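Let's take a friendly walk through a protein model together. Have a look at the picture before reading on.

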Amino acid sequence: MKITVVQPPYYAEGQPDESIAAFLMNELEKVQEDGLIVLPEYSNAGGISDVESERAAMPRAKVMLDKAAFIAKEKSAYVAINVLEQRDGNIRNSTYLFDRNGDVAFVYDKIHLPPSELLLGVARGNGACVCELDGIRFGFLTCYDVYFNEQIEYLATQKPDIIIIPGYQRGESTDIICAQTKLIAFRLNAFVAKSSYSMNSDEKGGCSMIVAPNGAILKNIGKEVGAVSADIDPKEKFMRTAGFGGAMIRNDDFINNGLCPEIFAK
């Protein structure tokens, strides 16, 4: 499978949400057959931060989702796209995974909400963050979720193959972004496909990347704009010895076998 992650520029003037949406729809046209493409958080509402503008951008979610569905079917590809939307009477931060027929395979609603989304009135997800599609187990984290080990540890129990992370992290340092993403891949023994925004800075944001189960960064776009791809076997796992001189074991099992949460529950 070819994984592609897209990184748009962070427009700050004019109508940034419109510019970012147009950029992302153009990138969708470049999807490879049978591949997976991952777009960043807020594909329909990027670059804006006031409540009024974010509400005004929510109807564009349908345009973005329709485009993603069309491309998935046309290219027989998987497409993961995040939108800020109104759904079922609530505002949601939603990541849609489209299957190769262009149908919705899964919708992940972001669980951990930063102050800006609480102010906007975004409803928290119910915890469902894993789906299986064509024999591949996909796990989901969205932006702020990556800071919370409770969700990462839950995902570790679900044996995912690929973790999809639509991100923003405009103010986070690049070294922390890289460390977080590497550790998530290593802990979950899964490939990570993270898509974010270029902040045109060597120190902040950006770093859309593809990381292997052993924590090795396969591709990192850094602060550049566009997309990067890597060919992977989604069933590849990092195997290691179960301690010095021990038998070979999956890395996630090596960690899982040593867990003792009851010690810290006192």
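What follows covers a sheet, the helices beside it, and a group of strands and helices elsewhere in the chain.

The model is predicted, so to speak of local features a pLDDT of at least 70 is needed, side-chain atom pairs count only at pLDDT 80 or more, and totals for chains, interfaces and linings use all residues. Residues are numbered from 1 along each chain as its sequence is written, and side-chain values use heavy atoms, with hydrogens and water left out.

**The open sheet**

Helices (H or I, at least four residues) and strands (E, at least two) are DSSP runs, numbered from the N terminus. Two strands pair if DSSP finds at least two bridges between them. Six strands make an open sheet with mixed pairing, ordered β6-β7-β8-β9-β10-β11.

| Strands | Bridges | Direction |
|---|---|---|
| β8 (162–166) and β9 (191–195) | five bridges | parallel |
| β2 (36–38) and β3 | three bridges | parallel |
| β3 and β4 (90–98) | nine bridges | antiparallel |

**Helix α5**

Which residues of α5 are buried? In this helix (residues 149–157), they are Q151, I152, L155 and A156; buried means under 20% relative accessible area, exposed over 50%, and partly exposed in between (1.4 Å probe, protein chains only). These residues lie on the same side of α5 because they cover an arc of only 145° around the axis, the arc being that of the directions from the helix axis to the C-beta atoms. E150 and T157, on the other side of α5, are exposed. Just after the helix, K159 takes a positive phi of about 55°.

**A pair of helices**

The axes of α1 (residues 16–28) and α3 (residues 60–75) come within 10 Å and cross at roughly 10°. Axes are lines fitted to C-alpha atoms, for helices over the stretch in contact, and angles run from 0 to 180 degrees between N-to-C directions. Contact (heavy atoms within 4.5 Å) involves residues including A21 and L24 of α1 and V63 and M64 of α3.

Strand β3 (residues 78–87) is mostly covered, with nine of its 10 residues buried. V38 has A80 in β3 as its bridge partner, while V83 stands opposite S94 in β4. With two residues between them, β3 and β4 form a hairpin, and D88 in the turn has a positive phi of about 55°.
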